[in-house]
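Please look over the structure shown here before reading the notes on its ligand sites and one of its strands.

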Amino acid sequence: MMIQILNDDFKTLQQQVTKRQQQTANKPEIEAAVADILAAVRERGDAAVKEYEAKFDQVELDDLKVPQATIDAAYEACEPKLLDALKLAKRNITSYHEKEITHGFIDAEQPGVIRGQKVLPLAAVGLYVPGGTAAYPSTILMSAIPAKLAGVDQVVMVTPPQPKGINPAVLTAAKLAGVDAIYQVGGAQAIAALAYGTEQIPQVDKIMGPGNIFVATAKKQVFGQVDIDMIAGPSEIGIIADAGAEPDQVAADLLSQAEHDRLARPMLVTDSQALATKVAAAIEKRLQTLPREEIARASVDDQGFIAVVANLDQAFTLMNQIAPEHLEIQLPEPMTYLNQIRNAGSVFLGREASEPLGDYVAGPNHILPTAGSARFFSPLGVEAFVKRTQFVQYTKDALSNEKDAITTLARVEGLEGHARAIESRFED
Ligand SMILES: NC(=O)c1ccc[n+]([C@@H]2O[C@H](COP(=O)([O-])OP(=O)(O)OC[C@H]3O[C@@H](n4cnc5c(N)ncnc54)[C@H](O)[C@@H]3O)[C@@H](O)[C@H]2O)c1
Ligand SMILES: N[C@H](CO)Cc1c[nH]c[nH+]1
Ligand SMILES: [Zn+2]
């Protein structure tokens, strides 16, 4: 099989895209399996967590927490080249996310009235770091750095156990980013443990981070018990390119995300039939030498597509409908198209901005909304780790000025007690 090339009229293309989106978003069998896992962990705590780890990750666990000595040893043994790369990524992620810090305000514009807002860090957050088919040290930096910049007290991390112990690069990144505790638990059982708390794993206020379909579905289901950052499931890349784009580079970028997961979605929208044909051939050629060919091929064949449209306006309309996690604009003068993009997690402008640049070192976050949720979710950032509280203080004169408005509104709502509470301040 090759990547599907869709050549239909624009309306049909739009319908096809909507249908694919719905198939990605609704998977009743996964919803049911995840609900069972959540219920078991809620009822039986660590015993259930350990059973699922034996079943899904083939690891028998006793202690779930990774000892500090193991983390320190991994850091000490880390190759200088890797440590330098992690430090470079940390610097760029920090300098980008520092700009997101907000401080609240106090407003004393009206006589006798003080109004304000405080920005407060969350007390405890849980970071999910994927680890099923690949290790993700970069993802730790992407979630722990904004957490620390926000001032979160307790930053705990969960990641699937490995038969030979957690990957040392993951432990090194966690130490570099200042993670407070690491638990070797993955999948829906990890999300359940963070949401409900178990004997060994603390309950948190909010769960952040990406993962596969089981993780993303579990986060959706525990929302309400705890907060979540977003739905950050299997990776996606959308590319808008014209006849001038380099087909081999377009293919390489599509495969960079296809190799994450069999359910990853590589998507090209172009106004050039010639480019579409060349990219499809280049994908086939590149797949043959890709170490993760099996995963990437499943993603390309089952989830991927190239849509050929009549013009670039249609290309942007279709991409805004898809709302991809990553969007590459491989067009001349790419910055001039920024205003046409409404729905995308992260935008990569121009030929040199290949998506993996953003995965590792550019600085903007790589934890991003998927499955069309970029319509309403934003990239992970400092604001996800804080909450706001507001306050007011009035003098009696200032309250007197507003008294009639308050009592009028209260009585219109039939809430006499509200009106009388205000009036009680003015009774002798
Ligand atoms: N959107 C983003 O911001 C972003 C960023 C990085 C990675 N990702 C995505 O993260 C994902 C990483 O996936 P992964 O699988 O490598 O790691 P993962 O840690 O997300 O998932 C592995 C876990 O899935 C569970 N699992 C596997 N098969 C199961 C089954 N049949 N039933 C129940 N549970 C099962 C296991 O518990 C296992 O520990 C990919 O989809 C990748 O695209 C997304
Ligand atoms: N592309 C992923 C987000 O979808 C992030 C990542 C981490 N490592 C490599 N890639
Ligand atoms: Zn990636």
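This is a predicted model: local features need pLDDT of at least 70, side-chain atom pairs count only at pLDDT 80 or more; totals for chains, interfaces and linings use all residues.

Residues are numbered from 1 along each chain as its sequence is written, while chains are lettered from A and ligands numbered from 1 in the order in which they are written.

**Ligand 1**
- Ligand 1 is surrounded by 29 residues (C-beta atom, placed from the backbone, within 6 Å), and the closest are Gly-132, Gly-186, Gly-187, Pro-210 and Gly-211.
- Two or more residues of this shell come from each of α3 (46-57), α8 (187-196) and α9 (213-222), helices being DSSP runs of H or I with at least four residues, numbered from the N terminus.
- Because domain 1 (4-25 + 234-375) and domain 2 (45-230 + 382-386) both contribute to the shell, ligand 1 lies between them; the bounds come from an automatic or database domain assignment.

**Ligand 2**
- Around ligand 2 are Tyr-136, Ser-138, Thr-139, Ser-235, Gln-257, Glu-325, Asp-359 and His-366.
- Ligand 2 also lies between domain 1 and domain 2, since both give residues to its shell.

**Strand β12**
- Strands are DSSP runs of E with at least two residues, and they pair if DSSP finds at least two bridges between them.
- Strand β9 (residues 236-241) runs parallel to β12, joined by five bridges, with Ile-237 partnered by His-326.
- Strand β13 (residues 346-349) pairs with β12 in the parallel sense over four bridges, and Leu-327 stands opposite Val-347.
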